[in-house]
Structures are given as structure tokens and as C-alpha cells.
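Dear colleague,

Please find the structure below, handed over for your records. My notes on what was found in it follow directly after.

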Amino acid sequence: MATPLQTLSLQVFGIGTGFITAGAIIALSYSTVPIFLAHPNEVSLRHLRALFSSGSHIFPQLATAASSAFSVLAYNAPTGSSVRNQYLLAAAGAISIAPFTIFVMKPTNMTLKEIGEQGEEGIKKSGGEQRVQELLRRFGRLNAIRGGLLALGAAVGLKAALSP
């Protein structure tokens, strides 16, 4: 059984990490993607590859950390309680960005990456400038949804923490 201080620490960590990471992911969609769309596709795709690389080194780990905190809180909550179920749901919401990325976003991400690696030739083969713009918009929408999943997990974790 966790002490009250340990419980509070896990709550603050899980909720804070979840919301901050979700905000960073969503901010990429609403700030970075419009910038990509305003520049030549070849330049945007080069920068997108860098974004994919840097994001893959931080966001999954932070989501895993938040999910782990919620999992420990669920483990320490009374068996069968609604608080335990809420923490389990929060843990699932936080880590859900991983399967969402793999099963929903990966085809778009890989297509953009492959087009970018081929440069101007890749853009032509993909169907042209409009097709790349369409894929960039799709990436932005899917990325915002991914951030929303994590935010939802953090919100459920907050609800559980505030439950009597």
C-alpha cells in the first residue's frame, strides 16, 4: 500500500506528464503542420523527418511513464472500486498513443517519410504537390487525435484523483 505522499506524487506525475505531453503533441498539429503547408513540400518533408525522429525519442517514453503512474495508482486502489477502474482507464488512455501510432498513423507517416527520402522525384511519383499537402494535413489531424487520446487519459486520471 502506498503512503499518502507516494499516492499524491504519482497523481501529480501521471496527470502532469499526461497533460503536458498531450499538449505538446497537439501543439505540433496546430503550429507546426500549418508551417509545413506554407513551405515547399521538399523542405517540409525534410523537416518532418526530423520531427518524426525527435518525437519518437520523447513522446512514447512520456506516455509510458504517465501510464505507469496510473497503473501503480490502480494497483493501490481498493479492489473493485470505481477509482481503480478510472486509473486503469487513465493508464489505457495514456498508452493508447502507441497502438494508435502503429496501426492508424504509420501508413501516413511512412508514406511521407518515403516521399521525403526521394525528394522531388518522390513528390512527383506520389501524385504531386497536392497529394503531399493532403498527406501533411492528414498527419496533422491524426496527430491531434493522438494527443487527444493522451489528454483523455490524463483527464480520467484527474477525475480519479479528485474522487472521494
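In which helix is Glu129 found? Glu129 is found in helix 6; helices here are DSSP runs of H or I with at least four residues, strands are runs of E with at least two, and both are numbered from the N terminus.

Two remarks on the basis of these notes come first. This is a predicted model, in which local features need pLDDT of at least 70 and side-chain atom pairs count only at pLDDT 80 or more, while totals for chains, interfaces and linings use all residues. Residues are numbered from 1 along each chain as its sequence is written, and side-chain values use heavy atoms, with hydrogens and water left out.

Overall architecture

The chain contains 6 helices and 0 strands, giving the pattern α-α-α-α-α-α when read along the sequence. Its C-alpha atoms fill a box of roughly 60 × 25 × 20 Å along the principal axes. Of its 164 residues, 43% count as buried (under 20% relative accessible area, with exposed meaning over 50% and partly exposed in between; 1.4 Å probe, protein chains only). Among contacts (heavy atoms within 4.5 Å) between residues at least 6 apart in sequence, 81% join residues at least 24 apart. The accessible surface of the chain comes to about 8,700 Å² (Shrake-Rupley method with a 1.4 Å probe; for residues, only the protein chains shown count as cover). Carbon and sulfur atoms account for 67% of that surface.

The chain carries 13 positive and 7 negative side chains, and the centres of the two sets lie 14 Å apart. Lys and Arg count as positive, Asp and Glu as negative, with His and the chain ends not counted; each charge is placed at NZ of Lys, CZ of Arg, CG of Asp or CD of Glu.

The structure holds 1 salt bridge (a side-chain nitrogen of Lys or Arg within 4 Å of a carboxyl oxygen of Asp or Glu). Its partners are Glu134 and Arg131, with the closest N and O atoms 2.7 Å apart. Both residues lie in helix 6 (residues 129-162), 3 residues apart, about one turn of the helix. Glu134 counts as partly exposed because its relative accessibility is 45%, and Arg131 is likewise partly exposed, at 31%.

Glu129 belongs to a negative surface patch together with Glu42, Glu120 and Glu121. Patches consist of residues with over 30% relative accessible area and no salt bridge, like charges being joined within 9 Å and nonpolar side chains (Val, Leu, Ile, Met, Phe, Trp, Tyr) within 5 Å. Glu129 is partly exposed, since its relative accessibility is 39%.

Helix 1

A nonpolar surface patch is formed by Leu5, Leu8 and Val12, with about 310 Å² of accessible area together. Leu5 lies in helix 1 (residues 4-37) and counts as exposed because its relative accessibility is 60%. Gln6 is also placed in helix 1, and at 44% relative accessibility Gln6 is partly exposed.

Helix 5

Met105 lies in helix 5 (residues 97-126) and is buried, because its relative accessibility is 0%. Leaving aside neighbours within four places in sequence, Met105 is in contact with Phe100, Phe139, Leu142, Asn143 and Arg146. Met105 and Phe139 are 34 residues apart along the chain, and their C-alpha atoms are separated by 7.3 Å.

With kind regards
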